[in-house]
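Please consider the structure shown below.

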Amino acid sequence: MRTLLAYERAARIPLHRRFFAVLAGVLLLTAAIVAGLWWLGSNGVLARVPLLAVFGTFYGVLGAFGFVWYAVALSRRARLAMFAWANGWAYADLLQGTRRPGSAFTRMRRSIERGVIASEDARIPFELGVAHSVGGRDETATVQRPFAFIELPLPAKVPHIVLRNRRRSIVPTLGLGGARMDLEGHFASTFQLLVPEGYQRDALYIFTPDLMARVLDLGAGAELELVEDRAYVYLPGSTRFDRPDVMQTTVQLAEELHRRFAARTGPYRDESTGPIERPEGVAIGLGGQRLGGQGVSLLAVAGVSAAVILSAGITAFALFGGAILRSGG
């Protein structure tokens with residue numbers, strides 16, 4: 001609670017949006033529901049219409065769960081913010097409409113990022129947070145579950161490479177073109193490389209076995225992507241950056257991956273570019289800048305398929321259900 005109150009003061013959150021103001025509103029609403037049910041019961045209304053008691057209880061429990069969810073999420077972000085400020089890092093509780101080049105972001109029509117931390121330390125430059133896909137009535141978004149991410153800068157532009165997780169995919173890769181490379185050894189059972197055609201050797205140059213072993217330490221839910229001059233580590237949306245042990249591991253990982261990627265991508269040169277070499281480095285050929293095709297989330301495909309099947313079932317029952325029931329009777 002002390003951390004939460006310190007965060008609200010430091011972030012200059014308006015009084016009407018602070019924790020105790022919201023708590024007071026919830027308590028007043030609860031008291032109003034209880035008083036209303038008591039008055040209806042004393043007048044015999046609940047005895048005649050017991051459904052009112054069910055609705056009142058349901059909305060009361062729903063409000064309690066909603067407030068607990070709000071309080072827990074707020075306290076976690078408060079710990080995250082205080083940790084960031086203690087280390088001299090920037091913190092944003094909410095970012096909307098960010099234009100990150102990663103494939104998991106570009107498929108979103110609108111994005112919301114919560115609990116974003118940014119470090120400009122030359123030794124550990126990174127950004128991290130949790131991204132959510134949001135759609136409206138007039139602008140749809142890819143159905144994609146929330147995911148955590150770590151963004152690392154690269155010293156040079158590199159081909160678009162995705163390290164896809166076979167067990168739990170976050171990057172929408174269904175429909176992407178390019179070559180699919182199976183890794184050697186025990187890495188093949190968890191990961192697969194997606195690279196533009198003609199850049200297979202470049203991918204193997206960057207994703208060395210020691211780097212793959214470090215990625216495997218992240219767990220079964222991690223994916224990596226290199227695009228333009230950025231590297232992205234994707235993790236499940238349930239990743240708890242507010243926990244000290246998780247944040248410590250994340251910072252160590254960001255420092256190590258930044259160092260490893262800088263060593264492998266710093267001297268990288270795209271031999272296919274030929275005469276378009278520039279002083280700041282060699283640009284990536286058009287064929288290597290982006291994987292061809294449009295990635296689609298497997299969750300989106302499953303959701304659309306389920307909606308189609310459900311609609312077909314309802315339609316079939318509406319057309320033939322009555323005859324089937326009469327024949328069975």
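Q: Which residue of β2 is the bridge partner of Gln96?
A: In β2, Gln96 has Ile112 as its bridge partner. This is a predicted model, in which local features need pLDDT of at least 70, side-chain atom pairs count only at pLDDT 80 or more, and totals for chains, interfaces and linings use all residues. Residues are numbered from 1 along each chain as its sequence is written, and side-chain values use heavy atoms, with hydrogens and water left out.

Q: What makes strands β1 and β2 a pair?
A: Two strands pair if DSSP finds at least two bridges between them. Six bridges join β1 (residues 90-96) to β2, and the two run antiparallel.

Q: Why is β2 described as largely enclosed by the rest of the structure?
A: Seven of the ten residues of β2 (residues 110-119) are buried, so the strand is largely enclosed. Buried means under 20% relative accessible area, exposed over 50%, and partly exposed in between (1.4 Å probe, protein chains only).

Q: Why does Phe19 count as buried?
A: Phe19 counts as buried because its relative accessibility is 8%.

Q: Why does Phe20 count as partly exposed?
A: Phe20 counts as partly exposed because its relative accessibility is 46%.

Q: Why is the pair of Phe19 and Phe20 called edge-to-face?
A: Rings of Phe, Tyr and Trp (its six-membered ring) pair if their centres lie within 6.5 Å; planes under 30 degrees apart count as stacked, over 60 as edge-to-face and the rest as tilted. The ring centres of Phe19 and Phe20 are 5.4 Å apart and the planes stand at 75°, so this pair is edge-to-face.

How values were computed. Helix = DSSP H or I, 4+ residues; strand = E, 2+ residues; numbered from the N terminus.
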